[in-house]
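Open the model in your viewer and keep the sequence panel beside it.

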Amino acid sequence: SSVVFEAETEKADAKVRWQCNSKDIASGNNYLILAEGNKHSLTIQTVTKEDASVYAVIAGGSKVKFELKVISKPADAPAAKPEEPSMKPEQASDPQGGAALQGETPTPKDTPPAEDTRQALTGLFTEKPQSGEVTVGENITFVAKVNAESLLKKPTIRWFKGKWMDLATKCGKHLQLKETYDRSSKVYTFEMQISAAKANFAGGYRCEVSSKDKFDSCNFELTVHGESNGNDDSGELDFSALLKKRAVQVHSEPDVDVWSILSKAPPSAFEKIAFQYGITDLRGMLKRLKKMKKDEKKSEAFLKKLDPAYQVSKGQKMKLAVEVADENVEVKWLKNGQEIQKSGRYIFESVGNMRYLTINHCSLSDDAAYTCVVGEEKCTTELFVKEPPVMIVKNLDDQMVMKGERVELECEVSEEGANVKWEKDGVELTRDESFKYRFKKDGCKHVLIINEATKEDCGHYKVKTNGGESVAELLVQEKELEVYQSIADLTVKAKDQAVFKCEVSDENVRGTWYKNGVEVKPDPRINISHIGRIHKLTIDEVKPEDEGDYTFVPDGYAFNLSAKLNFIEVKIDFVPRQDPPKIHLDCVGRTAESTIVVVAGNKLRLDVPITGDPAPTVIWTKREKVNRQCHQPKMQWSTCVTVQDEGIYSVVVRNPAGEDTADINVKVVDVPDPPQAPKILSVGEDSCVVQWEPPQFDGGQPITGYVVERKKLKSYRWMRLNFEPFPETTYEAKRMIEGVPYEMRVYAVNSIGMSRHSPASQPFVPVAPTSEPIGLCVEDISDSSISLKWRAPERIGAAELQGYGIEYRREGTDEWIPASQGLTERTSATIRDLNTGDKLQFRVRAFNMAGPSAPATLAQPVTIREIMQRPKIWLPRALRQTIIKKVGDVVNIVIPFQVLWTSVLSYLKHNCNEKFSKALLVILVKEWYTVHDHYRRTHCVVSDLIMGNEYIFRVFSTNLVGLSPEPCTTKDSVYIQKTGILYKAPNYKEHDFSEPPKFTHPLVNRSVIAGYSTTLSCAVRGIPKPKVTWYKNKMDISNEAKYRMLSKQGVLTLEIRKPCPFDGGVYTCKAVNDCGEDVVECKLEVRSQISKEEKKDANI
């Protein structure tokens, strides 16, 4: 028969490939491949046993595998129709615009699951594991190889059985996983060894390998021949068989409540139970379980459990505490499932029912899950260790480079491996395809590298961490070649040597020499040299044809240096008579043209052409002093010329026929002396004005300008601010960072070169004055004073606010007078001792390190004069009606009043008679208070007086007509004394803190090896401090030298030095104080050492 496989893609133009056993299939004798739109089909004609295999269809990044099984047709069976199975693979999107396959696949009972299609195959495997067969009880090994030459990190491999079972958790007696690495071929070899195979190990397996963004996988089969004896368990690898077996139990027990089983099961068993009872939606199962209300059973072992989570900063101490029901129970502490052993970092404490775990100096490795176990119960928490912020230890430095140079901006942070963020003018820098910016990490150092800097790279660069930031400025300047020494014209004779020499500022610049426009090539007589910044053209044994114009052209620059070579041909005529000597100079005398200028530090050679017969004698003199007498018309300095060699040199030539004289003026020039230390005249927000004095010695040449440099105070790198010499002695430096201290220095430049730098200026900080104070207004005014108030400026700046200055001036004048000495830090002030009637204008300025701010001025002048107002009584509405009270009632009346001077209030006491039925309440502002009214007795008590005040009382009598004309006044005043306050401390009963000794941590039985020192430790508490005694086999060992007893913070330690087998026994620790005693003991076993001979005998 024939079989047809069909597949459908999302896009009609998708390219589809068919494979059989991982090999591509093409239309041929037995295969027919068709494609119509988005439908694709594979037809296998005349199916045979050999066609039974694993097939696959691939479209873009999606791959679906399916299996074809061929069954022999029974003899009596009718002819069957051709099978037409279809496929329905998992949907997978192709990142390159591929298509996804759709359809249905009839999967046989043991068909391997579809391969994971998370990413397109990349061919990581150089050798894939192949399907194999094994007999029950025998061993088999599957091998996979991966070439890591193109991988950035080590590949990760995982082995699966079926679709879900990860075999990494099943390693043991029957399964071992191995890996090896060949450094020469860079190939990883992964092996899966199955030992003593069982029948239930048969089935489909999968191998997956991944490395960063690459992934590959392959399937293979294991066939096990033979039958199991039936006594074996389900096996570590039998996952599919387990599902099949339990599927039968599900049908036999349909009434089982799966959700009740899941609610009681641990989370680790959810997957197993779900597959056992046929639940395929694991995510929906977990959501339903989360919504179910599960009754929590009260813990019997814990009274108080650990909190769900704790947080601690790195390097700090953390203390975990639980409260147990039984104060004598032992607890275990686990970290990620592993028991924690006692050490210097982990401290266990037991105080009553409380159990503590203290972690000292927490690090990132302590970020884990911690569990406290008591018997069968346990409680778990998570500890999160928070890293401290990363600080910048070393800031960035400002740099100034030339165009095309390499730039490295370096900073140092407080921790290794920390992540930093680089920005340029507020825009984050990232690696791009041009690799313009490179980021380098070296421990705590972080470097930003810019290759071949350009003008566009100028700006402020910032590095940021989560704990700080640092800013630096980068300036890129165009290269300008400076000529320190140009080539000069030469006049030489035959067979002399001609040397053209020039010096430029860049020692890396090369150049070309030309003669009359033709390039000069070196030969045995012509030598071209380049040493540092000096370029030389040397011509030996000059010939007449060497005369001409010579030019030096620097490579990459649009200018040249030219000079002329003049050739003098000397002809000697032999005549019988004598010739007087003659000096041949182009310019002789003491004029400016006859002056020879030489740079200090160079060698000078004076060649003077002379004639005469016989050969004349040459005498060189300087300032009436004979320097040299010879027959050569040459003067040469063997050492470098200095300023002291400057002067007028005379040459005298003599022979019997006469003499001749010539003067040569030699002037020695040098670089100037350094200028004086610069002074900072003023500073701004991002600028300063610096001034300096010219150098005392200009080097013999006029000063052409100055070069200014600056640096941050804590940096070592100076940055040049100007490349062209600045002609003035006052310079304004800009583009500085506010609040950062700087220093300045200056170089002097003349035609010879640049001087040494001046001493650095005093450190200064660029700051700007604050903005003006706001809200200036008059708060109060009197005949001789005024009170002003205002608010702080809106912008303070980087410098701290030093205070405020207050000034005033009289109307019609321009002179501002300080209102007080110094500055005030408050935002209000009272100015006293002013003249009444003056009309004054006031202003306030804020001061900081940069000086005063703009002034805040009142809108108009203020006249110093008190504002007079009549006193007012504000009578409340409630008091505008008659108040009726019973005799003996207390009347409390409050009447507010307003007055601009101190009021004198008087108390009135009225003498009254029983015939009088009414009285008047009198309140006299500024004079008296009425304390009683309608009072009928001849004595009274005045209350509510203020302590510390002095009072005078008077009494009026009143009847129906009115008050008596004259009151009766007390002779003496009454002073209300202040009563003292005595504090009496309360008496408290002293608490008794004493308690009998109790061991909070017992001794533990130990087994040690002879010859190695050991310790026994326990912990005790008690008040007063108990006396501790150690015993061995009930014998006191306190005075024996072999033992050492230590006690620190309640922790008792017995150190046994190099124990021997006789030191074994029962050790007891006894603690005694006035309240009682307690005893704890343990057993110590000392094992003898095994000698090397015994070890060899044991191995044999």
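Select Lys421 and Glu423 and show their side chains: in this predicted model the two meet in a salt bridge, at 3.6 Å from N to O. Colour the pair by accessibility. Lys421 is partly exposed, with a relative accessible area of 34%, whereas Glu423 is buried at 8%. Together with Lys421 and Glu423 they are linked in a network of salt bridges. The structure as a whole holds 34 salt bridges, and two further ones are worth a stop.

For the next one, select Glu743 and Lys711. Their side chains form a salt bridge of 3.3 Å, N to O. Glu743 sits in strand S59 (residues 742-750) and Lys711 in strand S56 (residues 703-712), so this pair ties together parts that are 32 residues apart in sequence. Are these two residues buried or exposed? Glu743 has a relative accessible area of 14% and is buried. Lys711, at 10%, is buried as well.

Go on to Arg206 and Glu208. A salt bridge joins them, with the closest N and O atoms 2.9 Å apart. Glu208 is buried, its relative accessible area being 5%. Arg206 counts as buried too, at 8% relative accessibility.

Next, select Asp216, which is part of strand S17 (residues 214-225). Its relative accessible area is 2%, so Asp216 is buried, the cut-off being under 20%. The distance in space is 6.1 Å, while 92 residues separate Asp216 and Leu124 in sequence.

Move to strand S2 by selecting residues 16-20. Four of the five residues of S2 are buried, which leaves the strand mostly covered. Which strands does S2 pair with? One partner is strand S6 (residues 53-59), which pairs with S2 in the antiparallel sense over five bridges.

Select Asp833, in the loop between strand S64 (828-831) and strand S65 (839-848). Its phi is positive, about 60°, although Asp833 is not a glycine. Asp833 is exposed, with a relative accessible area of 74%. Then select Lys1034, in the loop between S80 and strand S81 (1035-1036). Lys1034 is likewise a residue other than glycine with a positive phi, near 65°. At 76% relative accessibility, Lys1034 counts as exposed.

Stay in this part of the chain and select Ile1023 and Pro1024. The peptide bond that joins them is cis, with omega at about 0°. Pro1024 is placed in the loop between strand S79 (1014-1023) and strand S80 (1027-1032).

The last two stops are on the surface. Select Arg431, Arg438, Lys440 and Lys441, which form a positive surface patch. Of these, Lys441 lies in strand S32 (residues 437-442).

Finally, select Ile873, Leu875 and Phe897 and show the surface. These residues form a nonpolar patch with about 250 Å² of accessible area together. Leu875 is in the loop between strand S69 (872-873) and strand S70 (897-898). Its relative accessible area is 36%, so Leu875 is partly exposed.

Terms used
Residues numbered from 1 in each chain as written. Predicted model: local features only at pLDDT ≥ 70, side-chain atom pairs only at ≥ 80, totals over all residues. Heavy atoms only, no water. Buried < 20%, exposed > 50% of the residue type's maximum accessible area, 1.4 Å probe, protein only. Patch = residues over 30% accessible without salt bridge, like charges linked within 9 Å, V, L, I, M, F, W, Y side chains within 5 Å. Areas by Shrake-Rupley, 256 points an atom, 1.4 Å probe, with all protein chains shown as cover. Salt bridge = Lys/Arg side-chain N within 4 Å of Asp/Glu carboxyl O. Lys, Arg positive; Asp, Glu negative; His and termini not counted. Charge placed at Lys NZ, Arg CZ, Asp CG, Glu CD. Pairing = 2+ DSSP bridges.
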